[in-house]
Amino acid sequence: MTVLETEPPRILKVPVWQVTKAAYRDTFGNLGVFLIAAALPFGLTIGLDFAIHEETAGLGLGILHLVLSTVIGTFFEVAWYRHLLLDGATARPALVPHLDRRLMLFVGYNLLLTFLFVPGLFIEKLLPQAAASAPLAFGSLAFVLHAVAAYISVRFAFVFPWIALDAPERLGESWHRTTGNGLRILIAQVVVAAPFVLLVFAFGAVIAIIAPDLGALFENGRLEGGMRWFALIAGNILLFLYYALSCAVLARAFCALTGWQPDRRELLERFE
């Protein structure tokens, strides 16, 4: 049985606010599972960020960082999707992920969609002098490129729940199932990120008032020593919470638009 053979979708439009609230419940109501799934990828990401200073890296190192962080993040996403969609003891994550076909498919599709963001990264990293002469124009162009990449990525993103369920559906079916809902899902992912963005801005504003020199270093990503370690750890805690919330949004939208129910075990029993 595949996902396409389950009951038809219950709704035609994803309710943004309800999905957002449900994503927070799914994440903060399962913090123990989140910590297990995120432990190893979190440690690897800290090491990667310490080795490659993303804010000051050139285009080559910037793309390398993007690729490696995507691969590392995949370890977390596979485990988290399976927990959200299968909701059973056998789908609970392990501290060390299994290097199986499911993970390899996740990595491949994740990298494929990640490269959609390379044009925006190209504008940011390779044309700093041109951007300095017309910052508004180049900043707007980079924003538009990232926004378009994010939208296309969301339209194809149902491929990840399907891989987590060992189902055969892929990119074309994802595009079909998200028709009329791509922008809604993207808005929900932006909304779940809003508290973290506001928190970072508020922290930066407070630091700028209390210690202007330190605030300037924080803004430019040039912290050193203990402050850099603090920024790496705190920043990645927020990043992995966002990963969890973003996946939860997609899982909720996936269930709404495909009719999948987390208590179904057919695919799990078939492939494990």
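## A tour of rings, a helix and a buried arginine

A search of the whole structure, which is a predicted model, finds 13 aromatic pairs. Let's start with one of them.

**Stop 1: Tyr 24 and Phe 28.** Select these two residues and show their side chains. Their ring centres are 5.8 Å apart and the planes meet at 10°, so this pair counts as stacked. Both residues belong to helix α1, where they sit 4 residues apart, about one turn of the helix. An α-helix has 3.6 residues a turn, so residues three or four places apart point the same way.

**Stop 2: Phe 106 and Phe 160.** Now select this second pair. The centres of the Phe 106 and Phe 160 rings are 5.2 Å apart, with the planes at 35°, so the pair is tilted. Here the pair links distant parts of the chain: Phe 106 is in helix α4 (residues 101-114) and Phe 160 in helix α8 (residues 159-164), 54 residues apart. Phe 106 has a relative accessibility of 0% and counts as buried; Phe 160, at 5%, is buried as well.

**Stop 3: an aromatic cluster.** Next, select Phe 34, Phe 42, Phe 76, Trp 80, Phe 240 and Tyr 243 together, and you have one aromatic cluster on screen. Keep Trp 80 displayed, as this residue of the cluster returns at Stop 5, in contact with Asp 26.

**Stop 4: helix α1 as a whole.** Go back to α1 and select residues 16-28. This helix of 13 residues reaches 18 Å from its first C-alpha to its last, close to the 18 Å expected at 1.5 Å a residue. Colour its buried residues: Val 16, Val 19, Thr 20, Ala 22, Ala 23, Asp 26 and Thr 27.

**Stop 5: Asp 26.** Stay in α1 and select Asp 26. This residue has a relative accessible area of 15%; because that is under 20%, Asp 26 counts as buried. Which residues does Asp 26 contact, leaving aside its neighbours within four places in sequence? They are Trp 80, Leu 84, Ala 248 and Arg 252. Show the side chain of Arg 252: a polar contact of 2.8 Å joins it to the side chain of Asp 26.

**Stop 6: Arg 155.** For the last stop, move to helix α7 (residues 135-156) and select Arg 155. Is this arginine buried or exposed? Arg 155 is buried, with a relative accessible area of 5%. Beyond its neighbours within four places in sequence, Arg 155 is in contact with Ser 174, Trp 175, Thr 178, Thr 179 and Gly 182.

Two of these partners deserve a look. Trp 175 meets Arg 155 in two ways: its backbone oxygen lies 2.6 Å from a polar atom of the arginine side chain, and Arg 155 lies over the face of Trp 175, at 3.9 Å from the ring centre. As for Thr 178, draw a C-alpha to C-alpha distance: Arg 155 and Thr 178 are 5.8 Å apart in space, although 23 residues separate them in sequence.

Terms used:
Residues are numbered from 1 along each chain as its sequence is written. This is a predicted model: local features need pLDDT of at least 70, side-chain atom pairs count only at pLDDT 80 or more; totals for chains, interfaces and linings use all residues. Side-chain values use heavy atoms; hydrogens and water are left out. Helices (H or I, at least four residues) and strands (E, at least two) are DSSP runs, numbered from the N terminus. Buried means under 20% relative accessible area, exposed over 50%, partly exposed in between (1.4 Å probe, protein chains only). Contact means heavy atoms within 4.5 Å. A polar contact is a pair of N or O atoms within 3.5 Å; within protein, one must be able to donate a hydrogen and the other to accept it, and residues adjacent in sequence count only if both atoms are side-chain atoms. The expected span of a helix is 1.5 Å times one less than its number of residues. Rings of Phe, Tyr and Trp (its six-membered ring) pair if their centres lie within 6.5 Å; planes under 30 degrees apart count as stacked, over 60 as edge-to-face and the rest as tilted. A charge sits over a ring if NZ of Lys or CZ of Arg is within 6 Å of the ring centre and within 35 degrees of the ring normal.
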